[in-house]
Amino acid sequence: VMGLMEISIALYRNFFSDSSLPVLGKAIKVGSAFEGWSPREEDITFRMLLPLKPPHGHIFHLEPGLKCLARNFHIRVELVCTCGMERLTGEAHCFLHDPEQEQRRKEGPNILDDLCTDSYLDVQKTARFFQMFVRCSWRALHLSAIHRLTMLPSDRSCKFQMTLRCGKRFIIELLFGVQEGDSDIFLSSQHTEAAYTPSTIWPESYAVAEMKFFSHIAQQAQPDSYHLRCLQLCVRSLLGRDFSTYTLKTVVMHLLTSLPLSEWRRKHFWARLEDIMQYLQRCLARRCLNHFFIGNENVPKEIILPQELRMAEPLNLFQHLTQNPKACEDAQLEFEEL
C-alpha cells in the first residue's frame with residue numbers, strides 16, 4: 001500500500017508540477033489497519049491521509065464553520081502577492097500583478113476554478129478530481145497489467161479496491177487533509193457527525209495524533225503488551241451495536257495514560273478488559289466521556305497539539321446523553337448486552 005502511494009504521489013507531482021493545484025505532502029498512515037487493531041481481518045480498509053498544501057502564489061485561511069460537537073472549518077483559498085519573492089530569483093510569476101502569469105494559471109487546471117466553490121476548498125470536487133487522477137494514472141503503472149483496480153463510491157474521499165493476481169482483495173481509502181499549523185491535527189475530508197455535511201466543511205481530524213499516540217505507546221510498552229488485543233476484542237464485540245468504535249478507542253486511550261504500561265501484559269488481559277468495561281460504565285452513569293485530545297493534560301508531549309486544544313475545556317462525547325433520556329436508556333441497555 002505504501003509503495004503504491006509513493007508511486008502515485010510521484011506521478012501527481014510530475015504531471016502537475018507547473019500547475020496551480022494543491023501540493024501533496026507525504027501520505028500518512030491512519031486508522032485501525034495501521035494502528036494494529038482492525039476488528040475484522042477479512043475487510044480491512046487501509047486509510048491514508050494526503051496532506052494538501054497551497055500551490056505557489058496561494059494561501060489557505062482556516063475559518064470556523066458549523067457549531068456542533070466537533071470543530072469544523074471552511075478553507076478559504078486566496079491568491080497572494082509573490083513579487084518580493086520573485087524579485088530575489090530574478091523572475092516574475094506573481095498571479096496578482098503579472099497578467100500573463102494569471103492567464104497561464106487559468107488555462108490549466110487550478111485550485112480556485114476546479115477544486116473550490118466560492119473560493120472555499122470543496123471536499124467533493126477534490127475527491128472527484130483525485131478519483132479521476134487515480135483512475136487515469138493506474139493505466140500508466142506496470143501493476144495494472146497484473147492487478148485490477150475498481151473505484152468505489154465515495155463523495156468525500158478517494159476509495160478503491162485492488163484485486164491482486166492471486167485473487168486477494170484489499171481496499172484503500174485516501175482522505176485529504178490540511179494541517180493546522182505545525183501540529184498533528186488536520187482538517188480532513190471525513191464526514192462530520194451531522195446527518196448532512198456541506199461540501200465546503202472540513203471537520204477537525206485527530207487521526208494522525210491517534211496514530212502517533214499508539215506508536216508512542218508501542219515504543220514504551222513491553223514486547224508482550226496486549227493493549228491492542230484488548231481494543232480489538234472490545235471493538236469487535238461492538239459490531240451490530242449502536243456504540244461507536246470511537247467510544248471504546250477513547251476509553252482505551254484514557255486508560256493507557258492512567259495505568260502503568262507494565263500492567264497491560266498478556267497476564268493482565270482479563271483485568272484490563274474488566275477495567276475497560278468499568279470505565280465505560282462509569283462514563284455512562286455520569287453521562288460524560290471526555291475527548292482524549294481536547295483539554296486533556298495527560299496527552300503525551302510527543303503529540304503536537306494546537307495551544308487552543310491544550311488549553312480548552314474538556315469536550316464531553318456523551319453530551320447527547322444528557323439531553324436525551326431515551327438515548328441514555330438505550331445506551332445503558334446496549335452496555336448490559338455488551
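Analyst: Asp-118 is exposed, with a relative accessible area of 67%. The scale is simple: buried is under 20% relative accessible area, exposed is over 50%, and partly exposed is in between (1.4 Å probe, protein chains only). This is a predicted model, where local features need pLDDT of at least 70 and side-chain atom pairs count only at pLDDT 80 or more, while totals for chains, interfaces and linings use all residues. Numbering runs from 1 along each chain as its sequence is written, and side-chain values use heavy atoms, with hydrogens and water left out.

Asp-118 sits in the loop between strand E6 (116-117) and strand E7 (120-121). Helices (H or I, at least four residues) and strands (E, at least two) are DSSP runs, numbered from the N terminus. The phi of Asp-118 is positive, about 55 degrees, although this residue is not a glycine. Ser-119 is found in the loop between E6 and E7 too. Its phi is also positive, at about 70 degrees, and Ser-119 is not a glycine either. Ser-119 is partly exposed, with a relative accessible area of 35%.

Glu-210 lies in helix H7 (residues 207-220). With a relative accessible area of 7%, Glu-210 counts as buried. Its side chain makes a polar contact with the side chain of Tyr-246 at 2.6 Å. A polar contact is a pair of N or O atoms within 3.5 Å; within protein, one must be able to donate a hydrogen and the other to accept it, and residues adjacent in sequence count only if both atoms are side-chain atoms. Glu-210 touches Glu-35, Tyr-246, Lys-249, Met-253 and Phe-293, leaving aside residues up to four places away in sequence. Touching is contact, meaning heavy atoms within 4.5 Å.

Two of those neighbours pair up: Glu-35 forms a salt bridge with Lys-249, the closest N and O atoms being 3.1 Å apart. A salt bridge here is a side-chain nitrogen of Lys or Arg within 4 Å of a carboxyl oxygen of Asp or Glu.

Arg-272 is in helix H10 (residues 269-286). Arg-272 is buried, at a relative accessible area of 8%. A polar atom of its side chain lies 2.5 Å from the backbone oxygen of Glu-263. Arg-272 touches Cys-230, Leu-259, Glu-263 and Trp-264, again not counting residues up to four places away in sequence.

The structure holds twelve salt bridges. In one of them, Glu-63 pairs with Arg-76, the closest N and O atoms being 2.4 Å apart. That pair links distant parts of the chain, from strand E4 (residues 58-67) to strand E5 (residues 71-79), 13 residues apart. Arg-76 is partly exposed at 23% relative accessibility.

Asp-224 and Arg-265 form another, with closest N and O atoms 3.0 Å apart. Asp-224 lies in the loop between H7 and helix H8 (227-236) and Arg-265 in the loop between helix H9 (245-258) and H10, so this bridge ties together parts 41 residues apart in sequence. Asp-224 is partly exposed at 29%. Arg-265 is partly exposed at 30%.

Lys-326 bridges to Asp-330, the closest N and O atoms being 3.0 Å apart. Both lie in helix H13 (residues 325-337), four residues apart, about one turn of the helix. Salt bridges that share partners also join Arg-71, Glu-180, Glu-204 and Glu-308 into one network.
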